[in-house]
Amino acid sequence: MASRRRMLLKVIILGDSGVGKTSLMNQYVNRKFSNQYKATIGADFLTKEVQFEDRLFTLQIWDTAGQERFQSLGVAFYRGADCCVLVHDVNVMKSFDSLNNWREEFLIQASPADPENFPFVVLGNKVDVDGGNSRVVSEKKAKAWCASKGNIPYFETSAKEGLNVEAAFECIARNALKNEPEEEIYLPDTIDVANARQQKSSGCEC
Amino acid sequence: MASDSTSNSPSSEEEEEEAESAGHQKPNVDVNVNVNTNSIDNSLDAIENQLSSIALKTSIDERAAVSASTDYDRIESVGSEIDDVIERRRSSIGESSSSRALWRSNLEVEVELEAEADGAPVSPSSSGYAGERGSSSSVTSASGTGDAIREVRDNGSSMGDDGGVSLDSSSQAQWIRDKRHADEDDGSVSWRRRKKHFFILSHSGKPIYSRYGDEHKLAGFSATLQAIISFVENGGDRVKLVRAGKHQVVFLVKGPIYLVCISCTEEPYESLRGQLELLYGQMILILTRSLDRCFEKNPKFDMTPLLGGTEAVFSSLIRSFSWFVFFLELFSLSFQGHQRNPATFLHAYTCLPLAYATRQAAGAILQDVADSGVLFAILMCKNKVVSLVGLQKASLHPDDMLLLANFVMTSESFSPICLPRYNPMAFLYAYVHYLDVETYLILLTTSSQAFFHLKECRQHAYRGCPVDPSARSGSLFHLNQRRLASDSHETFTGIGGPAGLWHFIYRSNYLDQYVSSEFASPVSSPAQQKRLYRAYQKLYASMHNKEVGPHKTQFRRDENYVLLCWVTQDFELYAAFDPLADKGVAIRICNRVCQWVKDVENEIFLLGASPFSW
């Protein structure tokens with residue numbers, strides 16, 4: 001039964017404002033795209049159920065606001081994340097430069113047990129814009145950065161055209177699965193009657 | 001009728017709500033105001049009669065259950081129609097996602113739900129939660145996955161039920177149906193109309209338990225709750241309660257476990273918070289607080305597999321908060337009866353009324369068992385204690401007994417459990433044996449190897465158990481015969497006598513035990529009883545309000561009742577009278593009730609149990 005059980009994955013999407021985090025999520029979850037830009041306020045939550053390698057996953061997607069004024073949400077939002085998606089706009093160099101900050105910020109706030117191997121995914125979004133003519137971040141450059149950070153998987157996406165969105169999220173699920181901790185045996189102590197007296201007197205709140 | 005039953009539309013109803021509407025359908029009970037010129041003495045005699053019926057060796061609420069069950073048959077059929085409707089609606093839209101956004105303003109925390117997906121069904125604004133403008137159940141084409149998931153769930157729940165209970169199979173069948181409306185989510189109109197939600201989630205926002213709906217489908221909602229709690233915490237503060245119209249959202253943070261109740265039942269904040277505490281206690285009873293360590297080591301920790309198969313335990317606890325007929329019992333012949341449980345707010349337990357000698361004999365046998373190294377030996381009849389004995393100096397908190405009884409009545413027969421008030425960090429081992437369909441013996445020990453020893457203890461206990469001389473056909477405390485005989489409804493459920501005493505609860509503060517009367521006919525329906533229960537809850541909360549209290553007496557008259565509460569060092573008395581009852585007479589009656597309780601206390605209470613000190 002354990003192997004058949006559903007898994008819930010907490011996925012955090014980070015990146016500068018306007019790189020298309022919400023659009024990617026909407027394309028993935030709702031298969032919809034809107035050209036209108038509406039800034040996310042605080043955070044937005046979506047869920048999507050996916051089947052992958054015979055297992056069912058629920059992705060709990062935390063779409064965060066890119067604006068700095070929302071960064072105070074901090075620890076609480078990042079706590080217990082199973083995967084972190086870093087998004088940049090291939091047409092805006094600054095959004096790519098920020099990836100490093102986003103990654104470090106995440107590792108500080110979430111403080112995962114094994115930061116070296118925490119599953120990230122990098123998405124270079126908006127590859128459709130202007131037929132690729134306004135592009136400033138090359139695939140090569142992005143991949144080089146990903147390689148330097150422990151071979152983070154990289155995808156070129158277009159939320160508008162739905163390009164690679166499905167593949168990217170599938171990779172997220174696969175990554176999280178790979179990172180699944182060994183089934184731990186849960187074995188609390190049994191009461192030692194002699195000790196119990198002490199514990200009780202100290203632990204009694206009423 | 002109750003103000004909390006006004007907004008029911010037929011399609012929104014479920015357990016609690018159904019009960020209330022069932023109350024509405026029934027012809028209103030005539031509130032026969034019986035202020036005739038009988039002398040006070042007559043009226044007191046009538047009450048005496050009523051009181052003496054309590055001392056009968058039967059559980060107080062048997063008869064009401066039988067008369068109520070016909071209503072519930074009807075309710076069940078209504079319920080399944082509703083299920084059909086919901087099912088149809090769901091299959092026509094298909095869904096696997098939901099969306100919401102958290103935003104902040106300088107003044108307060110609010111939740112705004114943003115309808116992202118066009119064509120999503122927009123929920124009506126007549127009910128629902130803070131910021132209900134258009135929660136979206138976003139439409140995707142992934143309806144295939146939805147079906148697959150449902151299948152898996154079904155497998156899961158039936159596997160969870162294989163745990164095996166020493167109850168009969170009809171109650172087993174009920175476990176499987178226990179989680180109702182499992183495919184609802186926060187986008188469902190029916191889900192949003194439920195009057196009382198309970199959620200347990202982890203501090204990373206992962207859902208652990210939801211009373212209604214599928215936890216995974218509620219992942220977005222769960223994240224929202226976590227975001228609200230964490231946002232306030234970030235500001236160095238704590239969110240305890242958010243009011244949104246008729247709804248109260250009550251938060252309880254227990255380390256890495258967050259508990260939330262969303263309710264429009266108008267229960268006091270303190271009651272709802274107390275219910276969350278018990279819900280947390282129930283979880284601790286199953287897993288201990290060693291959970292905290294797991295979360296410390298790994299914030300991603302998913303504890304839902306550890307809770308596998310325990311949904312029935314939580315649902316039955318939640319139902320007992322409502323002084324409400326145990327659904328599970330209604331459909332199982334062997335388990336009829338009410339699970340009204342004022343213990344959930346009184347922090348006291350109640351005893352099966354018994355001849356003093358009989359209880360003493362039971363206690364002596366349990367003492368023998370306890371002397372053989374068992375930590376606690378408890379003989380119970382449903383949620384009523386027959387006798388209980390602990391190792392020297394060990395004491396059981398009434399809350400722990402409540403959680404234990406709830407767990408035992410819904411699960412296995414030898415199992416590690418944790419008593420949160422005794423020691424929240426570690427396990428004890430509970431051996432449970434049903435002596436008959438309702439009477440069970442619990443032996444708690446620290447040894448996981450003690451199974452066979454406990455079995456022997458049980459056989460010993462059973463041999464010497466004081467079978468009531470008047471019992472027929474071997475049932476220990478002859479509860480069942482009473483039920484079978486109750487077709488005739490020979491019992492006295494008057495209108496409370498001329499003075500109009502409809503009901504009372506007496507709590508002994510020394511013993512941490514309570515006794516409650518049966519209900520007079522003006523409060524005979526489940527809906528009326530539930531309303532009275534809620535009125536008591538409010539009364540209890542106001543009497544124990546630390547800011548303005550403590551109070552000694554309270555006399556409160558509204559269109560439904562006269563409520564009289566009297567708190568002394570020794571006892572607390574809660575009594576409900578006819579709304580036209582005379583104050584002076586009511587007070588005299590309360591005195592009489594207290595006197596009566598003292599006269600028969602060795603039959604209705606367990607005296608000389610180990611002193612409870614916490």
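## Chain A: overall make-up

From the N terminus on, the elements of chain A follow the order β-α-β-β-α-β-α-β-α-β-α-α. That gives 6 helices and 6 strands in chain A. The model is a predicted one.

Chain A has 206 residues, and buried residues make up 54% of them. Its accessible surface comes to about 9,500 Å², with 48% of that belonging to carbon and sulfur atoms. Among the contacts in chain A with a separation of 6 or more, 73% are between residues 24 or more positions apart.

## Chain A: helix H1

Helix H1 of chain A covers residues 21-30, and it is largely enclosed by the rest of the structure because 9 of its 10 residues are buried. The buried residues of H1(A) are Lys21(A), Thr22(A), Leu24(A), Met25(A), Asn26(A), Gln27(A), Tyr28(A), Val29(A) and Asn30(A). After H1(A) comes Arg31(A), which has a positive phi, near 50°.

## Chain A: helices H3 and H4

Helix H3 (residues 93-110) and helix H4 (residues 139-148) of chain A have axes that come within 12 Å and cross at roughly 10°. An angle under 35 degrees counts as roughly parallel, so H3(A) and H4(A) are roughly parallel to each other. On the H3(A) side, the contact is made by Met93(A), Phe96(A), Leu99(A), Asn100(A) and Arg103(A). H4(A) contributes Lys141(A), Ala142(A) and Trp145(A).

## Chain B: the 11-stranded sheet

Chain B contains an open sheet of 11 strands with mixed pairing, in the order S12-S13-S14-S10-S11-S9-S16-S15-S19-S18-S17. Its edge strands are S12 (414-417) and S17 (553-557) of chain B, each of which pairs on one side only. On average, neighbouring strands of this sheet are turned by 25° against each other, direction ignored.

Helix H14 (residues 398-408) of chain B lies across S9, S10 (376-381), S11 (384-390), S12, S13 (428-434) and S14 (439-445) of chain B, and runs at about 115° to S14(B). Helix H17 (residues 526-543) of chain B packs on the sheet and touches S15 (501-508), S17, S18 (562-567) and S19 (571-577) of chain B. The direction of H17(B) makes about 40° with that of S18(B).

## Chain B: strand S16 and its partners

Strand S16 (residues 513-516) of chain B runs parallel to strand S9 (residues 349-351) of chain B, and 2 bridges join them. In this pair, Tyr349(B) stands opposite Gln513(B) of S16(B). S15(B) is joined to S16(B) by 4 bridges, and these two strands run antiparallel. Here Arg507(B) stands opposite Tyr514(B) of S16(B).

The hairpin of S15(B) and S16(B) has 4 residues between the strands, and Asp512(B) in this hairpin takes a positive phi near 55°. S16(B) is covered on both faces: Gln513(B) and Val515(B) are buried on one side, and Tyr514(B) and Ser516(B) are buried on the other.

## Cysteines

A disulfide is a covalent bond between the sulfur atoms of two cysteines. A search of the whole structure finds 0 disulfides over all chains. Cys294(B) counts as buried because its relative accessibility is 14%, and Cys418(B) counts as buried because its relative accessibility is 0%. The cut-off for buried is under 20%.

Definitions and conventions: Residues are numbered from 1 along each chain as its sequence is written. Chains are lettered from A and ligands numbered from 1 in the order in which they are written. This is a predicted model: local features need pLDDT of at least 70, side-chain atom pairs count only at pLDDT 80 or more; totals for chains, interfaces and linings use all residues. Side-chain values use heavy atoms; hydrogens and water are left out. Buried means under 20% relative accessible area, exposed over 50%, partly exposed in between (1.4 Å probe, protein chains only). A disulfide is a pair of cysteine sulfur atoms within 2.5 Å. Two strands pair if DSSP finds at least two bridges between them. Axes are lines fitted to C-alpha atoms, for helices over the stretch in contact, and angles run from 0 to 180 degrees between N-to-C directions. Contact means heavy atoms within 4.5 Å. Accessible areas come from the Shrake-Rupley method with a 1.4 Å probe; for residues, only the protein chains shown count as cover. Angles under 35 degrees count as roughly parallel, over 145 as roughly antiparallel, 65 to 115 as roughly perpendicular and the rest as oblique.
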